[in-house]
Structure formats: structure tokens, C-alpha cells
Amino acid sequence: MNIGQQDTGFFAFPTAEQVETKAILKQLNLASRALAQLQGSYQSIPNPAILINTLPLQEAKNSSEIESIVTTQDALFKTNIDKHPYNANTKEVKAYSDTLLTGFKNVRQTQLLTLNHIQNIYRDLEKNDGGFRNDGGETVLKDGNGNIIYTPPQ
């Protein structure tokens, strides 16, 4: 049985004994050093926001490809300069990136992710005020044979 896997087939978080191994703790030490070095390098950049602001663009681009919305990094970076997207895909990915960044700023400001934040993010992305579903229907996950494998709490 692998870490995090139960014999039921469902995922379970690993125990402390499974995670706190000698090998993992050695890697944790190396990662900590690398992050400290990165932080030092980051502080030496004249405008570190330039580096950070590329992350939502990259995430939005990669996430959008799942939905067959494809653009290039170059087109996205040009959008930041020109403020005019070159095509519909670039425009949609840029909007996703902007909404992601706005949501991040809201959460960072309040130190909370609230239902209002989620609704605002949804409204910005989908351009409608649909809000949360309130049909009272039960949501379930089914396998390929139609058998219910999980019913989330209502």
C-alpha cells in the first residue's frame, strides 16, 4: 500500500511516521536552504513585482489549455504592456489571470477566503451574478457504471 492510500481505494492523508522519514527531512533541509537563497536573490531585484506578476499569467495560460483555450506567453506579456489583447483566447486568459491576482490580493488583505470572495471571483470570471446553487438537489460523484462513490456533505 502506498503512502496516503487505504485499502478502500480512497485517499487518506499519510501519518506523521510515514512523512517524517530521514530522507524526507534531509530534502526538507535542502529545500529550506534553496528558499533562503531564492529570497536573497529576490530582494536584490530592483522591481521584484515583475517576477511575481508573471506567476498568475503562467498559471492562467496552463489552466486554460485544459479547456482548449491556447495562447502564448509572449502574447500575454505584450497584453501587460499594450493593454489590448491580440485575440479572444489571449483576452480570456488575461481576464483569468487578472481575476486570480485580484482574488489573491483580497485574501491576503483579509487573511480569509470568504463566500463573498468566492462569489466575486466567480462573477469576474463568468461575467454573471449566478451565485451559489440553491436547488437543494443532492450532488454525488459516480463511477463509470453509475454507482455512487461519494456524497459530499450538504
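This is a predicted model: local features need pLDDT of at least 70, side-chain atom pairs count only at pLDDT 80 or more; totals for chains, interfaces and linings use all residues.
Q: How many helices and strands does the protein have?
A: Helices (H or I, at least four residues) and strands (E, at least two) are DSSP runs, numbered from the N terminus. Here there are 6 helices and 2 strands, in the order α-α-α-α-α-α-β-β from the N terminus.

Q: Which share of the protein's residues is buried?
A: Buried means under 20% relative accessible area, exposed over 50%, and partly exposed in between (1.4 Å probe, protein chains only). Of the 154 residues in the protein, 14% are buried.

Q: At what angle do α3 and α5 pack?
A: Axes are lines fitted to C-alpha atoms, for helices over the stretch in contact, and angles run from 0 to 180 degrees between N-to-C directions. Under 35 degrees counts as roughly parallel, over 145 as roughly antiparallel, 65 to 115 as roughly perpendicular, and the rest as oblique. Helix α3 (residues 49–65) packs on helix α5 (residues 88–110) at about 130 degrees, with the axes 8 Å apart. The two are therefore oblique to each other.

Q: Which hand does the crossing of α3 and α5 have, and which residues make the contact?
A: A crossing is left-handed if the near helix is turned anticlockwise from the far one by less than a right angle, and right-handed if clockwise. The α3 and α5 crossing is right-handed. Contact means heavy atoms within 4.5 Å. From α3 the contact takes N53, P56, L57, E59, A60, K61, S63 and S64, and from α5 it takes V93, K94, Y96, S97, L100 and L101. For classes, Ala, Val, Leu, Ile, Met, Phe, Trp, Tyr, Cys and Pro count as nonpolar, Asp, Glu, Lys and Arg as charged, and the others, Gly among them, as polar. The contact of α3 with α5 has 7 nonpolar, 4 polar and 3 charged residues.

Q: How many degrees separate α4 and α5 where they cross?
A: The axes of helix α4 (residues 73–82) and α5 cross at roughly 70 degrees and come within 10 Å. That makes α4 roughly perpendicular to α5. The crossing is right-handed, and A75, L76, T79 and N80 in α4 meet T90, V93 and K94 in α5.

Q: What is the arrangement of α5 and α6?
A: Their axes cross at roughly 165 degrees and come within 9 Å. The pair is therefore roughly antiparallel. In α5 the contact involves Y96, T99, G103, N106, V107 and T110, and in α6 it involves H117, I121, D124 and L125. By class, these are 4 nonpolar, 5 polar and 1 charged.

Q: Is H117 buried or exposed?
A: H117 lies in helix α6 (residues 115–126) and is buried, with a relative accessible area of 10%. Its side chain reaches the backbone oxygen of L112 at 3.2 Å. Leaving aside neighbours within four places in sequence, H117 is in contact with N106, V107, T110 and L112.

Q: Where is N120, and how does its accessibility class read?
A: N120 is also in helix α6. At 28% relative accessibility, N120 counts as partly exposed. From C-alpha to C-alpha, N120 and T99 are 9.1 Å apart in space, and they are 21 residues apart in sequence.

Notes:
Residues are numbered from 1 along each chain as its sequence is written. Side-chain values use heavy atoms; hydrogens and water are left out. A polar contact is a pair of N or O atoms within 3.5 Å; within protein, one must be able to donate a hydrogen and the other to accept it, and residues adjacent in sequence count only if both atoms are side-chain atoms.
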